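Work through the exercises below with the sequence and the 3D view at hand. Try each task before you read its solution.

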Amino acid sequence: PSAVEDVAPEPVAVAALGDAPSLSEAIPEIDRPSSSRELGKRSREVVLDMNRLALAGAIDWSSDRTPVMEEIRLIKRRLLRRAFDNKTEGGLSHLVMVTSAKPREGKTFTSTNLAISISQEEDYNVLLVDADIRRQALRQNLGLEANRGFVDLLMDPTIDLADVLLRTNIPRLSVLPAGTMSDRAP
């Protein structure tokens, strides 16, 4: 193996949080040892439609800089500096949660653009978690089919993470969709 293969990029989880107050409790569950890792099972890969992403408000990071791009970059730099500071305590220092008091205040826009921006960094892998199980705007914006995801992992610990995690055509970006709507979901 090459030296590049031996060094794993740092993981970052960016979560679009809606009405799921137990996200911080769920992250250790998601990080549980998985039989799929032991067996070499890989998650499904999806191709994100860049035109659809642009219509949903995702920034084209390959285009000329804009004021919004610069604001997202500033936020990203501060978050990464804080998340990977050795002084940070606790096991969730690599988790970035985007939340707000009311619907439609820009959680999906912010978390999507932060996740894509962070994934452009060579040293970080990003897991974008959609914890808004009622609206599922992230799934719709990314053009993903309604499948099992985050809420299913919470409700059934026997589900293998590789069965619900989606690798994308954006290098170093994976998505954990909200999952199946259920009356038992929080």
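**Exercise 1.** Where is the place of Arg 172?

Solution. Arg 172 sits in the loop between strand E5 (166-168) and strand E6 (173-176). Strands (E, at least two residues) and helices (H or I, at least four) are DSSP runs, numbered from the N terminus. The model is a predicted one, in which local features need pLDDT of at least 70 and side-chain atom pairs count only at pLDDT 80 or more, while totals for chains, interfaces and linings use all residues. Residues are numbered from 1 along each chain as its sequence is written, and side-chain values use heavy atoms, with hydrogens and water left out.

**Exercise 2.** Is Gln 136 buried or exposed?

Solution. Step 1: locate Gln 136 in the loop between E4 and helix H7 (137-142). Step 2: its relative accessibility is 5%, so Gln 136 counts as buried. Step 3: note that Gln 136 is not a glycine, yet has a positive phi of about 50°.

**Exercise 3.** Work out which side of helix H5 is covered.

Solution. Step 1: H5 has 17 residues and spans 24 Å from its first C-alpha to its last, close to the 24 Å expected at 1.5 Å a residue. The expected span is 1.5 Å times one less than the number of residues. Step 2: list the buried residues of H5, which are Met 69, Ile 72, Lys 76, Leu 80 and Ala 83. Step 3: down the axis of H5 these residues fall within an arc of 65°, so they line one face of the helix. The arc is taken from the directions from the helix axis to the C-beta atoms. Step 4: the face turned away from the buried side carries the exposed residues Pro 67, Arg 78, Arg 81 and Arg 82.

**Exercise 4.** At what angle do helices H5 and H6 pack?

Solution. Step 1: H5 (residues 67-83) and H6 (residues 107-119) pack at about 70°, with axes 10 Å apart. Axes are lines fitted to C-alpha atoms, for helices over the stretch in contact, and angles run from 0 to 180 degrees between N-to-C directions. Step 2: H5 is therefore roughly perpendicular to H6, a term for angles of 65 to 115 degrees. Step 3: Val 68, Ile 72, Ile 75, Lys 76, Leu 79 and Leu 80 of H5 meet Phe 109, Asn 113, Leu 114, Ser 117 and Ile 118 of H6. Contact means heavy atoms within 4.5 Å. Step 4: by class, this contact has eight nonpolar, two polar and one charged residues. Nonpolar covers Ala, Val, Leu, Ile, Met, Phe, Trp, Tyr, Cys and Pro; charged covers Asp, Glu, Lys and Arg; the others, Gly among them, are polar. Step 5: H6 is mostly covered, as 11 of its 13 residues are buried.

Definitions and conventions. Parallel < 35°, antiparallel > 145°, perpendicular 65-115°, else oblique. Buried < 20%, exposed > 50% of the residue type's maximum accessible area, 1.4 Å probe, protein only.
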